[in-house]
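Dear colleague,

Please find below a structure that I am handing over to you.

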Amino acid sequence: MKALHSCGGDYEVIVVDDASTDRSVEIIRGNFPSVKLLVNERNEGFAKSANRGAAAASSRIVYLLNTDVIVGENFLTPVVRHFERGDVFAVSSESYYDNGVTLREGRKTVLLRNIWFYGASARRLHNAHSNQPAFSIMATGGHSAFNREKFLELGGFDSLFHPFYWEDSDICYRAWMRGWKVINEPASRVRHKSAGVISTILPRREINAIGHRNRMIFIWKNLSAWNILMPHFLGLTLRIVISTIMLDRCFWRSFIYAARRLPEILKKRKQLQNSRVLKDMQILRIVSSSSNTDKTTPEIVNSF
């Protein structure tokens, strides 16, 4: 609350309790009466909980914040200013590890490696533009602000990615398809704890399987450039053969999980491709324009 007061302006705090089993609901009701508390009767996962919170909000901008993220004073001020432009969809704060020094997540550019599509952090060099905002392929769902109207217009986070991972990349890419911009703001800094909640609930192999599954769903649903899709499907075929020989159960579990959702993926893919404004290569050129030198160019900053 202190961090919010330091930012000034009107705001509301909404907490979506995802069927917690501790005393969270009791503590919030007893100590923070001004907080709007929404309680899920059963665990719905990140996407549905975030969507519920966004739908219940009354403000033009919503900042999504995970329980394992710690904010500082004035973290919102540099983020909110970007929404003065009507074409901005999301703005992400930069996150650091517990020590507050080592960068965890900053601007995300794109790497096409083997058969996969990665949103990789673009490390900025210490130069004149190192502290300037830059376009990003995505805004992390755990510590980013979104234009609420645009967020709801896109249908919020897609439940295809339940229970976690890649839903934030997906909605941001869908925003880029519309020609809306996603920005990383280094002047807004938060700390993200090293050990997340997910690792305390599921074994690592299951977390990895869900991550691989959702990366495939993202590619099949959103991408249309054949110079990306052809290597992906050729490599995927080879990976299937190798995984069969090597008895790689983790990959096969990921692939089967994704394949089961193929009818819904294809339906949504058709809708997206019919409404898109920017093509894949246009988007990738914009968000990767400074990735070779790891710096933000004045042209990119000024084009905000």
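**Surface and overall make-up**

The chain has an accessible surface of about 15,600 Å², and carbon and sulfur atoms contribute 54% of that area (Shrake-Rupley method, 1.4 Å probe; for residues, only the protein chains shown count as cover). This is a predicted model, in which local features need pLDDT of at least 70 and side-chain atom pairs count only at pLDDT 80 or more, while totals for chains, interfaces and linings use all residues. Residues are numbered from 1 along each chain as its sequence is written, and side-chain values use heavy atoms, with hydrogens and water left out.

The chain holds 12 helices and 11 strands (DSSP runs numbered from the N terminus: H or I of at least four residues for helices, E of at least two for strands). Of its 304 residues, 47% are buried (under 20% relative accessible area; exposed is over 50%, partly exposed in between, with a 1.4 Å probe and protein chains only). Among contacts with a separation of 6 or more, 75% join residues 24 or more positions apart (a contact means heavy atoms within 4.5 Å).

**Aromatic residues**

There are 14 aromatic pairs in the chain (rings of Phe, Tyr and Trp, the last by its six-membered ring, with centres within 6.5 Å; planes under 30 degrees apart are stacked, over 60 edge-to-face, the rest tilted). Phe89 and Phe146 make an edge-to-face pair, because their ring centres are 5.6 Å apart and their planes stand at 75°. Since Phe89 belongs to strand 5 (residues 88–96) and Phe146 to strand 10 (residues 143–147), this pair ties together parts 57 residues apart in sequence. Phe89 is buried at 0% relative accessibility, and Phe146 is buried with a relative accessible area of 0%.

Phe146 also pairs edge-to-face with Phe157, with centres 6.2 Å apart and planes at 85°. Phe157, in the loop between helix 5 and helix 6 (167–177), is 11 residues from Phe146. One aromatic cluster comprises Phe46, Phe89, Phe146, Phe151, Phe157 and Trp180.

The charged end of Lys150 sits over the ring of Trp180, 5.2 Å from its centre (NZ of Lys or CZ of Arg within 6 Å of the ring centre and within 35 degrees of the ring normal). Arg189 lies over the face of Tyr96, 3.9 Å from the ring centre.

**Confidence**

Mean pLDDT is 86, with 85% of residues at 70 or more (the predictor's confidence in each residue, from 0 to 100). It stays under 50 over residues 291–304. Where pLDDT is low, the predicted coordinates should not be read in detail.

With kind regards
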